[in-house]
Amino acid sequence: MKKRRYITWMMAAGAVLLSGCESDNGREAADGHRIPLEVMAVSQSFLDIEPWSTREGGTAVAGTTRGTWQEELPAGYMPYNVLFPTTTPEHTTIGVFLTPERTDAVGNFVYIGTDSHGTPTNDWLSTISIKEGQTYYLYGFMPRQGAETATITSPNGSGGDDFKNGAVMQVNNFNTLTAADVSVIVGVRAAASNEDISAPARPVELGKFEYQAQEEDHNYVFILLKHIYAGLHLKASIDAEYHKLRTIKITRMELEAIDIPTVCDLTVSIAANTTNSDPVTSIVFDTEGKPTGSPRLQLFPHISIPDTELELQETVPESFLSCFAPSKCQEFNIHTTYDVYDRHGNLIRKGCTAVNHISKEKIQGLDHIGAGEIFTVNLVVRPTYLYVLSEPDLDNPSFEIN
């Protein structure tokens with residue numbers, strides 16, 4: 001078994017990071033000896049109506065990014081660290097219900113993200129502890145943040161062993177527009193004691209949620225995640241010819257959804273199965289009686305990243321992911337604030353603004369993007385008439401949607 005370097009300090013660090021979410025750790029400890037549970041997360045890739053890209057760039061064709069061991073995963077699923085695009089670190093916490101033992105508290109897996117060299121990894125920090133020999137049925141969702149009202153019931157409401165047949169999870173007043181990749185757990189499998197947690201040696205199947213706690217140091221679990229929100233992928237770059245004269249640095253970018261229910265009551269029904277099929281039987285986004293408005297989502301700067309400006313490149317666009325409840329958002333504005341520099345690095349214009357409008361009238365099918373589907377919007381910065389205007393006039397570029 002491949003051991004994680006952080007296993008000795010994992011529980012202490014988790015308690016500090018998420019003490020507000022784990023207020024009942026003491027009660028769990030009183031129940032008897034508890035041991036930590038670790039995870040290797042596998043996520044469904046977004047289905048883009050345009051070709052989606054790998055993290056390294058370039059177009060990915062279905063099946064070409066899957067290594068030999070990844071054939072043990074359901075079609076369309078891949079390790080979280082190679083998924084692209086992904087949300088920002090503050091939204092990568094998986095909330096887990098340990099049924100039937102606990103249905104009133106949510107444990108957490110927190111994504112660490114990268115190693116000391118900045119390379120994406122599949123390491124997660126765990127605040128979840130379990131009892132050796134006990135059988136659990138693991139259900140949950142991502143992100144844990146913003147879901148303090150989450151509840152879970154068994155399919156017929158009786159609880160207990162009925163959780164082996166599935167579950168119904170509900171989160172009230174969840175944001176309709178969010179930077180989080182809203183997902184639910186759709187399958188789990190325990191890793192064998194001699195199995196590398198980063199590379200499953202046998203299939204990880206959809207629809208299975210049972211986990212029996214093993215002896216200490218052998219509690220590793222593979223988790224499958226399914227997107228239940230739709231995605232909007234913004235890719236910003238600068239025109240190559242214009243870049244010879246000017247540098248553009250973004251200082252702020254926001255996505256505004258126009259006239260929407262700002263929150264929804266989210267209900268997901270799951271039915272366990274042994275056929276390796278999607279266990280999600282129903283997703284309800286209830287917005288009846290919810291307040292409406294035009295909320296803005298800050299895409300840059302990121303809360304977890306200290307950078308205050310972002311220089312646009314020609315060939316490697318900057319990516320921003322936002323997600324929304326399907327069919328609830330049909331019109332958007334992209335608000336960008338930026339500074340303009342000449343080729344010698346002199347600040348020419350500060351605090352420029354651009355607003356780009358996206359609607360179902362301009363982009364066919366925008367109002368029909370479903371759960372797990374994503375639309376990519378390419379924002380290219382270029383002047384209006386590069387070869388006609390004089391050089392001073394080139395200091396007012398436009399953000400154009402391709």
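**Local features of the predicted model**

Serine 269 lies in strand S19, which spans residues 263–271. In this predicted model, serine 269 has a relative accessible area of 19% and is therefore buried, the limit for that class being under 20%. Leaving aside residues up to four places away in sequence, serine 269 touches Ala167, Val168, Pro279, Val280, Thr281 and Ser282.

Confidence was examined along the chain. The protein chain has an average pLDDT of 81, and 82% of the residues score at least 70. Over residues 50–66, pLDDT stays under 50, and the model has 34 contacts beyond four places in sequence for this stretch. Where pLDDT is low, the predicted coordinates should not be read in detail.

Aromatic side chains were considered next. The count of aromatic pairs comes to nine. In one of them, the ring centres of tyrosine 111 and tryptophan 124 are 4.8 Å apart; the planes stand at 45°, so the pair is classed as tilted. This pair links distant parts of the chain, with tyrosine 111 in strand S6 (residues 107–111) and tryptophan 124 in strand S7 (residues 124–126), 13 residues apart. Tyrosine 111 has a relative accessibility of 12% and counts as buried. Tryptophan 124, at 1% relative accessibility, likewise counts as buried. Ring pairs join Tyr80, Tyr111 and Trp124 in a cluster. An aromatic ring also faces a charged group elsewhere: the charged end of lysine 249 sits over the ring of tyrosine 341, at 4.6 Å from its centre.

A disulfide is a covalent bond between the sulfur atoms of two cysteines. The number of disulfides in the model is zero. Cysteine 264 takes part in no disulfide, and the nearest cysteine sulfur, belonging to cysteine 329, is 9.2 Å away. Cysteine 264 has a relative accessible area of 0% and is buried. Cysteine 352 is buried as well, with a relative accessible area of 7%.

Charged pairs complete the account. Side chains of opposite charge can pair when their charged atoms come close. The structure holds 13 salt bridges. Among them is the bridge between aspartate 239 and arginine 382, whose closest N and O atoms are 3.7 Å apart. Distant parts of the chain are linked by this pair: aspartate 239 is in the loop between strand S16 (230–238) and helix H3 (240–243), whereas arginine 382 is in strand S27 (residues 373–382), 143 residues apart. Aspartate 239 is buried, at a relative accessible area of 17%, while arginine 382 is partly exposed, at 24%. Salt bridges link Asp239, Arg382 and Glu400 in a network.

Another salt bridge joins arginine 252 and glutamate 254, with an N to O distance of 3.1 Å. Arginine 252 is partly exposed, with a relative accessible area of 33%, whereas glutamate 254 is buried, with a value of 12%. Glutamate 205 and lysine 208 also form a salt bridge, in which the closest N and O atoms are 2.8 Å apart. Glutamate 205 counts as partly exposed at 22% relative accessibility, and lysine 208 is partly exposed with a relative accessible area of 36%.

Terms used:
Residues are numbered from 1 along each chain as its sequence is written. This is a predicted model: local features need pLDDT of at least 70, side-chain atom pairs count only at pLDDT 80 or more; totals for chains, interfaces and linings use all residues. Side-chain values use heavy atoms; hydrogens and water are left out. Helices (H or I, at least four residues) and strands (E, at least two) are DSSP runs, numbered from the N terminus. Buried means under 20% relative accessible area, exposed over 50%, partly exposed in between (1.4 Å probe, protein chains only). Contact means heavy atoms within 4.5 Å. pLDDT is the predictor's confidence in each residue, from 0 to 100. Rings of Phe, Tyr and Trp (its six-membered ring) pair if their centres lie within 6.5 Å; planes under 30 degrees apart count as stacked, over 60 as edge-to-face and the rest as tilted. A charge sits over a ring if NZ of Lys or CZ of Arg is within 6 Å of the ring centre and within 35 degrees of the ring normal. A disulfide is a pair of cysteine sulfur atoms within 2.5 Å. A salt bridge is a side-chain nitrogen of Lys or Arg within 4 Å of a carboxyl oxygen of Asp or Glu.
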